[in-house]
Amino acid sequence: MQRRTPSGQRARWIVVALALGVGLAVAQGPAPIPLHVRPKPGDTLRTRFEQDVVMTGTTKVRGRDTTLRSSSSLLVLARIAVQSCDATGCTVAAITDSVALLSVDAQALSPSEAARKAMQGRRIQLRVRPDGSTLVLTAPKDLEPELGAFVQAWPTVLPSKPVAVGGTWESAVPVPVGGDGGSQHGARLKVRYRLDSLADNAGLAYLSLNGVVVRDSLDAPVTGGKRLGAHGDVNGVLALDRARGWWRDSRLTIVIRSTVTPPPGSDSPPVHLQTRITQHLQTEPR
């Protein structure tokens, strides 16, 4: 009978230990990590925001279907100055350095130079929570809708607990629809998020999102007693710089189909609208 040598026994136990280690790693899976928006006080983040909006409206004019189309493009270069932070979030100032605006409707091409100049150099103070949601603290009273879109360009709500690659979470937030602001006229945006992958030693997190926008026409009427029903889809990808505590890149596409119904007793036909919004937000690397 051949005796097992000590070195052979050690090799056998090393193989068993390695097998157990691999099995334990597979069982545990990737470790969950926290996802937070938490920039450092004193940081200045330089951002580039692009938005394209295409709106198509169809209604009947003298008994015949009529379609009108309008579009607008917006480019905002801005600085985000991080003023202070605590456990509940950070206070930041967004200063618009450069604005380009172009609108095209059925009748004319309007660069709107006056509107562009009015938006340039504006300062808006925001409160940014660790989950990525924002609250406007101070803003000019005559804040243009286009700059409102820039302020709301971070719709992501990050999870309150650490999440592993492949993990998902959901959120529901109110959004304005149909040109009437305020939550009483808004729709609900329900989004499902997923942590797709990590890079740069987990310093960069890649996320994807998809969701639906819904507003029941029986909700509160909009201007003039009209009824507004809407539904749509939102899809996007995002990159979170975990080391810097801010978004590196986000790309969103939102398509909303809505119907505006005149108040009872009106002879006006309903108007069917489709709005397609694409947004791209980038932050310069350090």
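Colleague: Which residues have the most contacts inside the largest nonpolar core?

Modeller: In soluble globular proteins, nonpolar side chains tend to be buried together. A nonpolar core is a set of buried Ala, Val, Leu, Ile, Met, Phe, Trp, Tyr and Cys residues joined through side-chain atoms within 4.5 Å. Buried means under 20% relative accessible area, exposed over 50%, and partly exposed in between, with a 1.4 Å probe and protein chains only. In this predicted model, the largest such core has 36 residues, and those with the most contacts inside it are L35, L158, W169, L195, L207 and L240.

Colleague: Which strands each supply at least two residues of this core?

Modeller: Strands (E, at least two residues) and helices (H or I, at least four) are DSSP runs, numbered from the N terminus. The strands that each supply at least two residues of the core are β1 (44–61), β2 (64–86), β3 (89–104), β5 (123–128), β8 (187–199), β9 (204–215), β10 (227–241) and β11 (246–261). A second, separate core has 8 residues, including F49, L74, A78 and M119.

Colleague: Leaving aside neighbours within four places in sequence, what is L207 in contact with?

Modeller: Contact means heavy atoms within 4.5 Å. By that criterion L207 touches L35, L158, W169, L195, V237, L238 and L240, among others. Its partners also include R194, D196 and G236.

Colleague: On what conventions do these values rest?

Modeller: Residues are numbered from 1 along each chain as its sequence is written, and side-chain values use heavy atoms, with hydrogens and water left out. Since the model is predicted, local features need pLDDT of at least 70 and side-chain atom pairs count only at pLDDT 80 or more, while totals for chains, interfaces and linings use all residues.

Colleague: How is strand pairing read, and how many bridges join β1 to β2?

Modeller: Two strands pair if DSSP finds at least two bridges between them. β1 and β2 run antiparallel and are joined by 18 bridges. Within this pair, Q51 stands opposite L74 of β2, and D52 faces S73 of β2. The two strands form a hairpin with 2 residues between them, and R62 in the turn has a positive phi of about 55°.

Colleague: How many bridges join β2 to β3?

Modeller: These strands are antiparallel and share 15 bridges. A81 has A93 in β3 as its bridge partner, and a hairpin of 2 residues connects β2 to β3.

Colleague: How many salt bridges are there?

Modeller: Side chains of opposite charge can pair when their charged atoms come close. A salt bridge is a side-chain nitrogen of Lys or Arg within 4 Å of a carboxyl oxygen of Asp or Glu. The count by this rule is 9. One of them joins R48 to E50 at 3.3 Å, N to O. R48 is partly exposed at 34% relative accessibility, and E50 is partly exposed at 29%.

Colleague: What is the mean pLDDT of the protein?

Modeller: pLDDT is the predictor's confidence in each residue, from 0 to 100. The mean is 81, and 74% of the residues reach 70 or more.
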